[in-house]
Amino acid sequence: MNDSTRKEIEKWIQTWDQARFALDNVKLNELRASDYYSQNQVRLNEMLQYAFEHRQLRLSSSLIEQQKIFMKLNKWMK
């Protein structure tokens, strides 16, 4: 890779890094707005309704499942 290509790539990296911070600030300001819920109520309600309709009944918690995996791993390592 020649020097001019490297400098061009570094310039693009810096540009996108600055854009990331600017976009993060825009998103934070949107989320902090006092009327955020009223502006997005329909979308939020649709997401909650989808989650409710596609929920899955689980007979155990993730913690219990994790403990079972660790117990199997412990037996395997001995």
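Reply: This is a predicted model. From the N terminus on, the elements of the protein chain run α-α-α. The radius of gyration of the chain is 24 Å, whereas the globule rule gives 12 Å for 78 residues, so the chain is more spread out than a compact globule. Along its principal axes, the C-alpha trace spans about 55 × 50 × 20 Å.

Me: How do you know how many helices and strands the protein chain has?

Reply: Helices are DSSP runs of at least four residues and strands are runs of at least two. The secondary structure of the protein chain comes to 3 helices and 0 strands.

Me: What share of the residues in the protein chain is buried?

Reply: Buried means under 20% relative accessible area. Buried residues make up 1% of the 78 residues in the chain. The accessible surface comes to about 8100 Å², and 58% of that surface belongs to carbon and sulfur atoms.

Me: Why does tryptophan 76 count as exposed?

Reply: The term exposed requires over 50% relative accessible area. Tryptophan 76 has 69% relative accessibility, and therefore counts as exposed. This tryptophan 76 lies in helix H3, which covers residues 62–77.

Me: Which residues make the nonpolar surface patch of about 640 Å²?

Reply: The patch is made by Ile69, Phe70, Leu73, Trp76 and Met77. Nonpolar side chains are joined into a patch within 5 Å, provided that each residue has over 30% relative accessible area and no salt bridge. With 69% relative accessibility, Trp76 is over that 30% cut-off.

Me: How far apart are the mean positions of the positive and negative charges of the protein chain?

Reply: The mean positions of the 13 positive and 10 negative charges are 13 Å apart.

Key. Residues numbered from 1 in each chain as written. Predicted model: local features only at pLDDT ≥ 70, side-chain atom pairs only at ≥ 80, totals over all residues. Heavy atoms only, no water. Patch = residues over 30% accessible without salt bridge, like charges linked within 9 Å, V, L, I, M, F, W, Y side chains within 5 Å. Areas by Shrake-Rupley, 256 points an atom, 1.4 Å probe, with all protein chains shown as cover. Salt bridge = Lys/Arg side-chain N within 4 Å of Asp/Glu carboxyl O. Buried < 20%, exposed > 50% of the residue type's maximum accessible area, 1.4 Å probe, protein only. Rg over C-alpha atoms; globule rule 2.2 N^0.38 Å. Lys, Arg positive; Asp, Glu negative; His and termini not counted. Charge placed at Lys NZ, Arg CZ, Asp CG, Glu CD.
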